[in-house]
Amino acid sequence: MKVAIIKYNAGNIYSVYCACRRLGHDAVITDDPVVIRQADRVIFPGVGEARAAMQHLNQTGLADVIRGLRQPVLGICIGMQLLCRHSEEGDVDCLGIFDVPVVRFRSSSKEFKVPQMGWNTIEKFEKTAENDNSNRLFINLHEGDYVYYVHSFHVPICSYTIAQTDYDGFYSAALHKDNFWATQFHPEKSGPVGEQILRNFLL
Amino acid sequence: MLAKRIIPCLDVKDGTTVKGVQFVNFRDAGDPVELGKQYSQMGADELVYLDITASHEGRRTFTDLVRRIAAEVSIPFTVGGGIHELSDVERLLAAGADKVSVNSSALRRPELITEIAERFGRQECVCAIDARLEDDGQWRCYLNGGRIPTQRYLFEWAHEAQERGAGEILFTSMNHDGSKQGFANDALARLSDELSIPIIASGGAGTKEHFLDVFQIGHADAALAASVFHFGEIPMRELKLYLADHGINVRL
C-alpha cells in the first residue's frame with residue numbers, strides 16, 4: 001500500500017512517518033501532487049498555526065489537491081482543523097470538507113488549562129450500519145481508551161462527529177465524511193491505542 | 001477527563017543515559033531509546049530527555065538520538081539542554097521531538113520563548129525553571145543547572161514566560177530536588193492557580209504519597225521524576241494504580 005504524508009509548513013510530520021514505519025508501511029513525506037493523488041492512503045498531519053498553514057496550502061496549490069482527493073484521507077490535529085470550514089485561529093477560511101467551524105477553548109474554570117495537553121479519553125463511537133465504514137478508525141478499540149492531545153482550538157460536536165472527548169464539555173475527537181477521516185488527537189503519539197487507530201486507517 | 005501525567009526524566013551524555021538504571025534486569029539500560037521504550041510500555045505518559053553534553057560533537061550525537069527515539073517510541077517526548085537559538089529548536093523538532101524545553105537560555109534572552117512560540121506554536125515550548133526558596137522567602141531563579149543565581153523570581157518569570165508563549169512550565173524546586181521529601185506543593189499550587197498553562201512539578205519525589213500530594217495539594221498537571229523510577233523504587237504501574245485508588249485520574 002502506498003501511503004503519502006502531506007508535507008507543508010507544519011511540524012510533527014516525521015513522527016507520523018515513524019508511526020507508519022512501525023506498522024510496516026513505507027510511507028513517503030511529499031508535497032508532490034502526483035504522488036499524493038496516486039497514493040492509496042493520504043495522511044494530512046501536523047502541529048502548527050491555522051492561518052500560516054492555510055496561506056501555504058493556498059499558495060502551493062495543495063489546498064485544491066487535498067479537496068480533490070478520492071482515496072481515504074486522515075487529517076490529524078491541525079490537519080483535522082484545516083479540513084473544516086473556518087478556524088478562529090487567525091480567523092481564516094479553511095478547506096471546507098467538514099462544514100463546521102473550529103473554535104477556541106473558552107475555559108470556564110482554572111481546572112481547564114489551555115492548551116489541553118495530555119491524555120484524555122475518547123467515547124461514544126458512532127454506531128453504524130453493517131456496510132458503512134465510518135467507524136473503521138475504532139475497530140478493536142474501547143470506549144474510554146486514552147489518546148494524546150495538544151491543542152487550544154477544537155471542533156464542536158456536529159453531524160460529522162464519530163467520537164467525542166470531554167474537556168470542560170464535549171467536543172469532536174474525530175470526524176468522518178465520505179473518504180475523509182480526522183482526529184483531533186495524535187494517534188502517532190498515543191501508544192498502542194494510537195497504533196491501532198492508524199492500523200485501522202491503513203487497512 | 002484529562003489524565004494527570006507521570007513523566008520519567010532521562011539525563012543523556014554523549015548519547016547514553018547517565019544515571020545508573022536498575023529497575024529491571026535490562027541489558028541496554030544505558031541506551032536512552034531502549035529505556036524510553038521500556039518506560040513507555042510500563043505506562044509512562046511522556047518522557048523528558050535532557051542533554052547534558054557540553055561539546056558540539058555531543059550535540060550532533062544527541063540529534064541522532066532524538067531521531068532514533070522518534071522512530072521507536074510511540075509516546076510524546078520533550079528534549080532539553082543546549083538549546084540557545086531557534087536553529088537548535090528547528091533541528092530537534094525536525095528530528096522528531098514533540099516539545100523543546102528551554103531554561104537558562106530563556107532566562108538570558110526571554111525573546112527566545114516568543115520566537116519559538118511564533119515559529120512553531122506555543123505547545124512546542126516548555127519553559128523549565130530552576131528556583132530556590134531563599135532565606136528572604138523569595139523563590140529566586142538560577143541559571144546553568146542551579147549554579148548561578150539571577151535577579152529573576154519564580155512567579156514573575158513564569159508569568160512572563162506564559163505571556164511570551166510558553167505552553168507549559170516545568171518547575172524544579174532546588175530545595176526539594178534530591179531530598180525525596182516531597183514536591184514544593186505550596187509554590188506549585190500558587191503557580192498552577194495563577195497561570196492558565198499546564199504546570200509540570202519536578203524535584204522531591206520519594207514515595208507514592210508525594211505524587212498524590214503534588215496533584216491534590218500542589219495542583220500540578222504532571223509530575224516528573226528521575227531516580228525513583230530509574231532505581232525501581234517506585235514502579236510506574238504500581239504508582240498509577242495507587243493514584244487511581246486515591247481518586248486521581250490517570251491513564252492505566
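Biologist: How many bridges join strand β1 of chain A to β2(A), and do they run parallel or antiparallel?
Modeller: Please bear in mind that this is a predicted model. Strand β1 (residues 3–6) of chain A is joined to β2(A) by 3 bridges, and the two strands run parallel.

Biologist: Which residue stands opposite A:A4 there?
Modeller: That residue is A:V28, in β2(A).

Biologist: What is the strand order of the open sheet of 7 strands?
Modeller: In chain A the order is β2-β1-β3-β4-β13-β12-β11, and the pairing is mixed. The edges are formed by β2 (28–30) and β11 (161–166) of chain A, each of which pairs on one side only. From one strand to the next, the twist averages 25°.

Biologist: And what is the order in the open sheet of 4 strands?
Modeller: This sheet, also with mixed pairing, is ordered β6-β5-β7-β10 in chain A. Its edge strands are β6 (92–93) and β10 (153–154) of chain A.

Biologist: In which sense do β5 and β7 of chain A pair?
Modeller: They pair in the parallel sense, over 3 bridges, with β5 covering residues 84–87 and β7 covering residues 98–104 of chain A. A:S87 has A:V102 in β7(A) as its bridge partner.

Biologist: Turning to the interface, how many residues of chain A are in contact with chain B?
Modeller: There are 27 residues of chain A in contact with 39 residues of chain B. Together the two chains bury about 2,500 Å², with 53% of that area on carbon and sulfur atoms.

Biologist: Which three residues supply more of the area that chain A buries than any other three?
Modeller: They are A:K113, A:M117 and A:W119, which supply 30% of the area that chain A buries against chain B.

Biologist: With which residue does the side chain of A:K113 meet in a salt bridge?
Modeller: The partner is B:D221, at 2.8 Å from N to O.

Biologist: Which elements of chain A each supply at least two residues of the side that touches chain B?
Modeller: These are α1 (13–22), β8 (116–122), β9 (145–151) and α6 (191–201) of chain A. The largest share, 6 residues, comes from β8(A).

Biologist: What is the make-up of that side by class?
Modeller: The side of chain A that touches chain B has 11 nonpolar, 9 polar and 7 charged residues.

Conventions
Residues are numbered from 1 along each chain as its sequence is written. Chains are lettered from A and ligands numbered from 1 in the order in which they are written. This is a predicted model: local features need pLDDT of at least 70, side-chain atom pairs count only at pLDDT 80 or more; totals for chains, interfaces and linings use all residues. Side-chain values use heavy atoms; hydrogens and water are left out. Two strands pair if DSSP finds at least two bridges between them. Axes are lines fitted to C-alpha atoms, for helices over the stretch in contact, and angles run from 0 to 180 degrees between N-to-C directions. Contact means heavy atoms within 4.5 Å. Buried area is the accessible area (1.4 Å probe) that two parts lose on being put together, summed over both. A salt bridge is a side-chain nitrogen of Lys or Arg within 4 Å of a carboxyl oxygen of Asp or Glu. Ala, Val, Leu, Ile, Met, Phe, Trp, Tyr, Cys and Pro count as nonpolar, Asp, Glu, Lys and Arg as charged, and the others, Gly among them, as polar.
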